[in-house]
Amino acid sequence: MFLCKKYFLLVVIVLLFTVNILAAINDDLEELNVKEFVDREVSGHSITVFSKSYCPYCRRCITLLKKLNISDLRVIQLDEMAEGAEIQDELMKRTGRRTVPSVWIAKQFIGGSDDVHHAHREGRLQKLLQEKGISFTDFKDEL
């Protein structure tokens with residue numbers, strides 16, 4: 001009887017240890033998957049915007065970019081994703097900013113809504129798009 005309890009405790013300890021190791025591995029994989037997701041989205045599109053569907057600054061920025069008729073514009077709504085908070089944490093690590101929108105052009109972090117609008121008004125956005133070979137249709141930014 002004593003030997004049976006001893007083996008039972010040993011099995012429980014081994015199972016708990018295994019579960020903790022698997023949980024740690026899963027956390028590492030999730031973090032790696034988030035990094036890979038951000039890398040893939042940023043490098044896979046001419047322009048990538050990490051956004052939240054209810055954010056007025058995001059809507060304003062996306063409206064400007066859509067008015068430029070950029071064909072390869074990817075908008076990712078973080079609030080509609082299970083991993084949205086983790087993706088936002090990863091963006092914070094990369095940019096030093098936690099706010100949205102987070103706008104990336106040709107793998108380069110540009111900034112948020114105000115940054116994109118200022119760059120458009122000053123012609124810097126159009127110059128960057130031309131330099132990166134991204135076709136667009138310009139208009140006067142009245143916002």
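**Surface and overall layout**

I began with the accessible surface of the protein chain, which comes to about 9,100 Å², with 57% of that belonging to carbon and sulfur atoms; the areas come from the Shrake-Rupley method with a 1.4 Å probe. I noted that this is a predicted model, where local features need pLDDT of at least 70, side-chain atom pairs count only at pLDDT 80 or more, and totals for chains, interfaces and linings use all residues. Residues are numbered from 1 along each chain as its sequence is written, and side-chain values use heavy atoms, leaving out hydrogens and water.

Next I checked burial: 34% of the 143 residues in the protein chain count as buried, meaning under 20% relative accessible area with a 1.4 Å probe, protein chains only.

I then listed five helices and four strands, taken as DSSP runs (H or I, at least four residues; E, at least two) and numbered from the N terminus. Along the sequence they follow α-β-α-β-α-β-β-α-α.

**The sheet**

I found an open sheet of four strands, ordered β2-β1-β3-β4 with mixed pairing; two strands pair if DSSP finds at least two bridges between them. Its edge strands are β2 (73–77) and β4 (108–111), each pairing on one side only.

I traced β1 (residues 47–51) to β2: they run parallel and five bridges join them. Thr48 has Arg74 as its bridge partner in β2.

**Helices across it**

I saw helix α2 (residues 56–67) lying across β1, β2 and β3 (102–105), where contact means heavy atoms within 4.5 Å. Helix α3 (residues 84–95) lies across β1, β3 and β4.

Notes: Axes fitted to C-alpha atoms, helices over the stretch in contact; angles between N-to-C directions. Buried < 20%, exposed > 50% of the residue type's maximum accessible area, 1.4 Å probe, protein only.
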